[in-house]
Amino acid sequence: MSVRRIVPNIHAPSPETLAKSAEFYGLLGLEEVMNLGWITTFASPAEPLAQLSVFTHDETAPVVADVSIEVDDVDAVYEAVRASGAEIVHPLQNEPWGVRRFFTRDPNGQVLNILSHA
């Protein structure tokens, strides 16, 4: 198992704040690389894996995760996390936007979105 990227997630309190985020993060040189209406991801054109996402809510999960971690084999990570006894916040599932993911809670109480792209 290996990690491909780690993306911090910022909760936007409203759709208006989500729209304002594009302008603000543009000032830092980040460009919008994904927008599903409820999540927008920004990335550096020079370093595409330098990213952050802003969410108003999560379309299928009960909470917005604090961090997203893309791994090469989400099924193997899920089994390892489940076997450890860590809390599973959102079950392993395929999402309509092309990822397979689950949420878990780390020992500090942070919710992690662990995913692989299909």
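Rings of Phe, Tyr and Trp (its six-membered ring) are taken as a pair if their centres lie within 6.5 Å, and the pair counts as stacked with planes under 30 degrees apart, as edge-to-face over 60 degrees and as tilted for the rest. By that rule, five aromatic pairs are present in this structure. The model is a predicted one, in which local features need pLDDT of at least 70 and side-chain atom pairs count only at pLDDT 80 or more, while totals for chains, interfaces and linings use all residues. Residues are numbered from 1 along each chain as its sequence is written, and side-chain values use heavy atoms, with hydrogens and water left out.

**Aromatic cluster**

- Phe24, Tyr25 and Phe42 together form one aromatic cluster.
- Phe24 counts as partly exposed because its relative accessibility is 45%, whereas Tyr25 counts as buried because its value is 14%.

**Helix α1**

- Helix α1 has 13 residues and reaches 19 Å from its first C-alpha to its last, close to the 18 Å expected at 1.5 Å a residue, where the expected span is 1.5 Å times one less than the number of residues.
- Leu18, Ser21 and Tyr25 are buried in α1, and the elements that cover the buried residues of this helix include β1, β3 and β4.
- After α1 comes Gly29, which has a positive phi, near 95 degrees.

**Largest pocket**

- The largest pocket holds about 290 Å³ of space, and 19 residues line this pocket, with Arg5, Met34, Ile39, Thr41 and His117 nearest its centre.
- Strands β1 (3–11), β2 (31–35), β3, β4 (51–55), β7 (99–105) and β8 (111–117) each supply at least two residues of this lining.
- A pocket is an open set of points on a 1 Å grid over the protein atoms alone, where a 1.4 Å probe fits, with protein on both sides within 12 Å along at least five of seven lines, and lining residues have an atom within 4 Å of a point.
- Grid points are joined across faces, edges and corners, and the volume is the space filled by probe spheres set on the points.

- Val99 lies in strand β7 and counts as buried because its relative accessibility is 7%.
- Not counting residues up to four places away in sequence, Val99 touches Gln93, Asn94, Leu115, Ser116, His117 and Ala118, contact meaning heavy atoms within 4.5 Å.
- Between Val99 and Ser116 there are 5.7 Å in space, C-alpha to C-alpha, although they are 17 residues apart in sequence.
- Glu87 sits in the loop between α2 (74–84) and β6 (88–94), and counts as partly exposed because its relative accessibility is 41%.
- Leaving out residues up to four places away in sequence, Glu87 touches Phe103, Thr104 and Arg105.

Conventions. Buried < 20%, exposed > 50% of the residue type's maximum accessible area, 1.4 Å probe, protein only. Helix = DSSP H or I, 4+ residues; strand = E, 2+ residues; numbered from the N terminus.
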